[in-house]
Amino acid sequence: MPDSALALSPEFQSFKSSLTRQRITVEDNSGEGVWTVYDTGPNTVRCPLIMIAPLSGTPEVYYKQVLALSSKGIRVLALEGPVCWSEGRWCSSFRHLLYHFNLDKVHLFKQWYQRRVRGKRSEPS
């Protein structure tokens, strides 16, 4: 992130200094995938909230939500996934990431950006 006002804010600096960014490599039937993960909150929580970064973003976009929820005892994993060329490949890599954390159930949050094409709303594909 460039040295913007956001990157220099005390709140964002607190986020960056208090959490460790993990780079986790998972291997599945189609190869390796590297996930970027911020894991916050109590590790005893077996059904965390997983926040998946938008395509053009990083897990840092959720820093305010991560700080607020983890301060309330909610486990949050903010993720950036590997490059995958199919939905099946992404799902397989994600499943292996869940195995890495020994998670059976999760709550997913993903923000979609809607586009307008000639006055019509375009849903993500």
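When I say contact today, I mean heavy atoms within 4.5 Å. With that in hand, hello everyone, and let me show you around this protein. Please keep in mind that the model is predicted.

I'd like to start at T40, which sits in strand β2, residues 31–40. Setting aside residues up to four places away in sequence, T40 touches L19, V66, S70, I74, R75 and V76. Is T40 buried or exposed? Its relative accessible area is 3%, so T40 is buried.

Now let's step back to the overall layout. The protein has four helices and seven strands. If you walk along the sequence, the order is α-α-β-β-β-α-β-α-β-β-β. Of the 125 residues, 34% are buried. And here is a number about the fold as a whole: take the contacts in the protein with a separation of 6 or more, and 66% of them come from residues 24 or more positions apart.

Next, the helix pair α2 and α3. Two packed helices are described by the angle between their axes and the distance between the axes. For α2 and α3, the angle is about 65 degrees and the axes are 10 Å apart. The roughly perpendicular class runs from 65 to 115 degrees, and α2 and α3 are therefore roughly perpendicular to each other. Their crossing is left-handed. Who makes the contact? From α2 we have E11, F12 and F15, and from α3 we have Y63, K64, V66 and L67. Sorted by class, that contact of α2 with α3 holds five nonpolar residues, two charged ones and no polar ones.

Let's zoom in on the aromatics. How many aromatic pairs does a search of the whole structure find? It finds five. One to look at is F12 with Y63: the ring centres are 5.0 Å apart and the planes stand at 85 degrees, so this pair is edge-to-face. For that label, the planes have to be over 60 degrees apart. F12 belongs to helix α2, residues 10–18, and Y63 to helix α3, residues 63–71, so the pair ties together parts that are 51 residues apart in sequence. F12 is buried, at 4% relative accessible area, and Y63 counts as buried too, at 6% relative accessibility. Elsewhere among the aromatics, W35, W90 and F94 form one cluster.

A53 has 8% relative accessibility, and the cut-off for buried is under 20%, so A53 counts as buried. Leaving out neighbours within four places in sequence, A53 is in contact with T58, P59, Y62, L79, E80 and K110. A53 and F109 are 56 residues apart in sequence, and their C-alpha atoms are 9.0 Å apart in space.

The other is N102, in the loop between α4, residues 87–100, and β5, residues 107–110. What is its phi? It is positive, about 60 degrees, although N102 is not a glycine. Is N102 buried or exposed? With a relative accessible area of 56%, N102 is exposed.

Conventions
Residues numbered from 1 in each chain as written. Predicted model: local features only at pLDDT ≥ 70, side-chain atom pairs only at ≥ 80, totals over all residues. Heavy atoms only, no water. Phe/Tyr/Trp six-rings, centres within 6.5 Å; stacked < 30°, edge-to-face > 60°. Helix = DSSP H or I, 4+ residues; strand = E, 2+ residues; numbered from the N terminus. Buried < 20%, exposed > 50% of the residue type's maximum accessible area, 1.4 Å probe, protein only. Axes fitted to C-alpha atoms, helices over the stretch in contact; angles between N-to-C directions. Parallel < 35°, antiparallel > 145°, perpendicular 65-115°, else oblique. Left-handed = near helix turned anticlockwise from the far one by under 90°. Nonpolar A, V, L, I, M, F, W, Y, C, P; charged D, E, K, R; others polar.
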